[in-house]
Amino acid sequence: MNPTSKHITGLVLAGGRGMRMGGVDKGLQTLHGEPLAAHVLKRLAPQTGALLISANRHPDVYSTLGAPFGARVLADTLPGFPGPLAGLLAGLRATGTAYMLSAPCDTPGLPAELGERLAQALESNHADIATVTTTDAAGQVSLHPVFALLRTGLADDLAAFLDAGERKVRAWYARHKTVEVAFADERAFYNINSLQELADLQRC
């Protein structure tokens, strides 16, 4: 039986440094009058039973953004902005459900069926992690590893991985049975890495 939304907690990853945006807090940059993180929360909310926000700066602002969704704000337990795995660990530790669905804060067009499709793939393959691939017009396949559905029982293994000084998402996934799910619309996973990209999207 596939997990439904009530079995899944959503996690918005907004804990990065935003270096390619000049160090700004990426999730708080606005698109069409709303912070990017708010767009992602709106997309994730119907797919999950609860929501969390991983944020290492401006917790009060994120708390206000998350309030309409009942979302709680979490900071990394590891110092120095160690990357998305630290955000995943904080989420896994705080999750009260058997599964966690993660998405970065800078992807306002993420699919409405993301959780459902990842859940189907995870269960049918008896996997621990389900993540996303897309293929561009030239046939190039891209992996989008921080879009993922994870079993929350993986928390202790992830903590040990991070304690050993490891930081790479794909390297940790390789320790577990991971299934990759192909999505047709690569634009849905378009992430905004610069202020120019954000300005371009504003004009769409």
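## Strands around S6

Leu-13 stands opposite Pro-104 of strand S6. Leu-13 belongs to a pairing in which strand S1 (residues 8–13) and S6 run parallel, joined by six bridges. This is a predicted model, in which local features need pLDDT of at least 70 and side-chain atom pairs count only at pLDDT 80 or more, while totals for chains, interfaces and linings use all residues. Residues are numbered from 1 along each chain as its sequence is written, and side-chain values use heavy atoms, with hydrogens and water left out.

S6 is also joined to strand S8 by four bridges, and these two strands run antiparallel. Here Tyr-99 has Arg-151 of S8 as its bridge partner. Two strands are taken as paired if DSSP finds at least two bridges between them. Strands (E, at least two residues) and helices (H or I, at least four) are DSSP runs, numbered from the N terminus.

S6 covers residues 99–104, and six of its six residues are buried; buried means under 20% relative accessible area, exposed over 50%, and partly exposed in between, with a 1.4 Å probe and protein chains only. In a regular strand, side chains alternate between the two faces of the sheet.

## Packing of H1 and H2

Two packed helices are described by the angle between their axes and the distance between the axes. For H1 (residues 36–44) and H2 (residues 59–66), the angle is about 35° and the axes are 10 Å apart. Axes are lines fitted to C-alpha atoms, for helices over the stretch in contact, and angles run from 0 to 180 degrees between N-to-C directions.

H1 contributes Ala-37, Ala-38 and Leu-41 to the contact, and H2 contributes Tyr-62, Leu-65 and Gly-66; contact means heavy atoms within 4.5 Å. By class, five of these residues are nonpolar, one is polar and none is charged. In this scheme Ala, Val, Leu, Ile, Met, Phe, Trp, Tyr, Cys and Pro are nonpolar, Asp, Glu, Lys and Arg are charged, and the others, Gly among them, are polar.

## Nonpolar cores

The largest nonpolar core has 35 residues, and those with the most contacts inside it are Leu-44, Tyr-62, Leu-114, Leu-118 and Leu-149. A nonpolar core is a set of buried Ala, Val, Leu, Ile, Met, Phe, Trp, Tyr and Cys residues joined through side-chain atoms within 4.5 Å. A second, separate core of 23 residues includes Leu-11, Leu-88, Leu-92 and Leu-154.

Apart from neighbours within four places in sequence, Leu-114 is in contact with Gln-47, Leu-101, Val-132, Phe-147, Phe-183 and Phe-189.

## Residues in loops

His-58 lies in the loop between strand S4 (50–54) and H2. Although not a glycine, His-58 has a positive phi of about 50°. His-58 is partly exposed, at 41% relative accessible area. His-126, in the loop between helix H4 (114–124) and strand S7 (129–135), also has a positive phi of about 50° without being a glycine. His-126 is exposed, with a relative accessible area of 65%.

Ala-137 is in the loop between S7 and S8 (141–151) and counts as exposed at 86% relative accessibility. Ala-137 and Glu-186 are 49 residues apart in sequence, and their C-alpha atoms are 9.6 Å apart in space.
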